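Hello,

Please find the structure below.

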Amino acid sequence: MTEVNGDVNHHLPAAAASIAGPTNPMVTPLLTDLYQFTMAYAYWKAGKHNERAVFDLYFRRNPFGGEYTVFAGLEECIRLIANFKCSEEEITFLRETLPPTCEDGFFDYIQGIDCSDVEVYAIPEGSVVFPKIPLMRIEGPVAVVQLLETPFVNLVNYASLVTTNAARHRFVAGNSKLLLEFGLRRAQGPDGGISASRYCYMGGFDATSNCAAGRIFGIPLRGTHSHAFVSSFMGPDEIVDKSLRSHDGSRVCEDFISVVQTWLSKLKRLSILKGVFGETNQSELAAFVSYALAFPDNFLALVDTYDVMKSGVPNFCAVALALNDLGYKARGIRLDSGDLAYLSCETRKFFQTIENEFKVPGFGKTGITASNDLNEETLDALNKQGHEVDAFGIGTYLVTCYAQAALGCVFKLVEINNQPRIKLSEDVSKVSIPCKKRSFRLYGKEGYPLLDIMSGENEPPPEVGERILCRHPFNESKRAYVVPQCVEELMKCYWTGNTDKKSEELPTLKENRERCVRQLERMRPDHMRKLNPTPYKVSVTAKLYDFIHFLWLNEAPVGELQ
C-alpha cells in the first residue's frame with residue numbers, strides 16, 4: 001500500500017482475486033481484541049503506523065504431554081488477509097466503540113486498509129512443528145500487522161491443537177484401523193464442530209459423521225443408525241414391504257423376513273453356538289431387517305441396544321446371511337457400550353464360526369466398529385488387552401481436546417524498522433527470539449530429523465556434510481555439533497504483498513493430510529511414543545545465540561543494591 005497526496009493506492013497480489021473468503025463468515029477484521037484497534041490508533045496518532053514490522057507466530061510447549069505438534073490453520077489466515085477490508089457498518093461500529101477523542105482521519109485510514117503491503121511466510125500446513133520455531137512470520141506496516149494478531153492466533157491455535165490430537169489418536173490406533181470422527185454433537189458450537197471435522201481429517205482420520213463438513217471440505221462421510229432407530233420398532237409385523245431385489249437384479253425375494261427367520265433358526269440349531277444365545281429380541285430384528293431393506297449394500301447394525309451376544313450379534317448375522325443369499329455383503333456391526341475388547345473378540349469368534357459352518361467366504365472378517373467415549377488412553381488399553389475392532393468412532397475427547405484446552409500460540413514483535421526487538425521475562429521460556437530469522441530442519445544418516453535450527457536472515461544456510469554448532473537458545477551448556485545429511489528450509493512465502501516474489505499455492509485439504517501422514521512417518525519413534533517421549537531439539541546458530549544474549553543484556557535494566 002502506498003500513500004500519494006493522502007490517498008491510498010492498493011496493489012493486492014494477483015492471486016488474491018482467486019482466494020475465497022474465510023470458511024466462517026464471522027472471520028472479519030472485527031474478529032480481534034479491542035486493544036488491537038486502540039494500539040492502531042496510538043500508532044497512527046504517533047505517526048508510526050506505517051513503520052515496517054516483523055512478527056513471529058509460534059508456541060512455547062507441545063500439547064498433550066507429547067514432543068510434537070502438527071501445524072494447521074494457515075489456509076484460513078491467507079483467506080482472511082486476501083479479503084481483509086472493513087465495511088461501512090464495521091467502521092460505524094468502531095466510531096461508536098472507540099473514545100470520542102479519536103480523530104476522523106483514523107477511521108478514514110482504517111477504511112482504506114488492506115493487506116497489500118503485508119508479506120506472510122509460513123511452514124506448510126500439515127507439517128510437524130516444534131516449540132519456539134516460528135510457524136508464521138508476518139511482515140508489514142505495524143498497525144496493519146497488529147490487527148492480524150488475534151485472528152491469526154485464533155485460526156491457528158485450535159486448528160493445530162485438534163490436528164495434533166487426531167494425529168496422536170492415529171498413532172495409538174495404528175495405520176491399519178479405520179478412524180471415524182463422531183464429535184459434532186459434543187463440539188464447542190457449530191464452528192468447533194466444522195473445524196474439528198476438517199482438522200481431524202488432516203490429522204489422519206478417515207471420515208466424519210458431519211454432513212456439513214463433508215459438503216464443504218469433501219471429507220468422506222460415515223454413519224448408520226442410533227439406538228432410537230432400534231427401539232422405535234415393536235416387531236417384524238410393522239414391516240409392510242418385505243421384498244428385496246437381488247444385487248445383480250436377476251430376481252426378487254418377496255419375503256425377506258422369512259429368509260432372515262430361517263437363518264436365525266439355523267444359527268440356533270448350531271451345536272457350536274449352544275448356550276451363546278436363545279430367543280433374540282424380535283423388535284431389534286425388525287429394526288435390522290428394515291435397515292437392511294433400506295440399505296442392502298451398506299448394512300451396518302448397532303448391536304448393543306438390548307444384549308450384544310444374546311441378541312444383537314445373532315440378529316445381525318441372520319440378516320447378513322439373508323443379504324448374502326441375494327448377493328449383498330453386510331458391512332458389519334457397531335459396539336457402543338460394554339467391555340469392547342471382550343465383546344469384539346467374542347463377536348469375531350461368532351463370525352468365524354459362521355464362515356466355517358456355513359461356508360460363507362469372508363464372513364469371519366466382517367467389520368467391527370467400536371465407539372463410546374474413546375480416547376488415547378482407551379485405545380492404548382484396548383491394544384494391550386487384545387481386541388478385534390476394525391474401526392473406531394471417536395467424538396468428545398477428540399474434538400474438545402479434553403486433555404488440553406489450548407495450544408498457547410503467541411504473536412511477538414521481533415523487528416521494527418530493521419531494528420531487532422526482544423521481549424524479556426523472568427520466565428526464560430517466555431523470552432522471545434529476536435530479529436527476522438530462517439528455520440531449517442537437519443536430517444541424520446538414518447533419514448530421521450535430528451533437530452530444527454534458527455539462523456539470522458542474512459546468515460549462510462546450513463550445508464549438507466558441513467559441521468555446524470547448534471546451541472540451545474538460552475542454556476549455554478546445551479550445544480552440539482551436527483553434520484546434516486539433508487537440510488530442509490521450513491518457511492515458504494504464502495502471501496507476497498505488493499512485492500514481485502513468487503508465492504506458494506495453497507494445497508488442498510487432502511494434500512495437507514498426506515503431508516501430515518508423511519512427516520509423522522518420518523519422525524524417530526522415541527519422539528512419538530506416548531510415555532516419556534524423547535524431547536526434540538530446537539536450536540539456534542552460534543551467531544544468533546550470541547546476538548540474543550547481547551540484546552538481552554542491552555535491554556535488561558541493571559539493578560542497584562543499597
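Is cysteine 516 buried, exposed or partly exposed? Cysteine 516 has a relative accessibility of 0%, so it counts as buried. Here buried means under 20% relative accessible area, exposed over 50%, and partly exposed in between, with a 1.4 Å probe and protein chains only.

Some points on where the values come from. This is a predicted model, in which local features need pLDDT of at least 70 and side-chain atom pairs count only at pLDDT 80 or more, while totals for chains, interfaces and linings use all residues. Residues are numbered from 1 along each chain as its sequence is written, and side-chain values use heavy atoms, leaving out hydrogens and water.

On the cysteines: a disulfide is a covalent bond between the sulfur atoms of two cysteines. The search counted a pair of cysteine sulfur atoms within 2.5 Å as a disulfide, and across the whole structure it found 0. Cysteine 345 is therefore in no disulfide, its nearest cysteine sulfur, that of cysteine 317, being 16 Å away. With 24% relative accessibility, cysteine 345 counts as partly exposed. For cysteine 516, the closest cysteine sulfur is in cysteine 200, at 11 Å, which is too far for a bond.

The chain as a whole: 54% of its 562 residues count as buried. Its secondary structure comes to 17 helices and 24 strands; these are DSSP runs numbered from the N terminus, with helices being H or I of at least four residues and strands E of at least two. Along the principal axes, the C-alpha atoms fill a box of roughly 90 × 55 × 50 Å. A contact means heavy atoms within 4.5 Å. Among contacts between residues at least 6 apart in sequence, 73% join residues at least 24 apart.

Next, helix 2 (residues 74-82). Why is helix 2 described as largely enclosed by the rest of the structure? Because 9 of its 9 residues are buried. They include Leu74, Glu75, Cys77 and Arg79. The buried residues of helix 2 pack against strand 5 (119-122), strand 7 (136-141), helix 5 (142-173), helix 6 (189-202) and strand 23 (492-495).

Last, threonine 541, which lies in strand 24 (residues 537-541). Threonine 541 has a relative accessible area of 7%, so it is buried. Apart from neighbours within four places in sequence, threonine 541 is in contact with Ile453, Met454, Ser455, Glu459 and Leu469.

Regards
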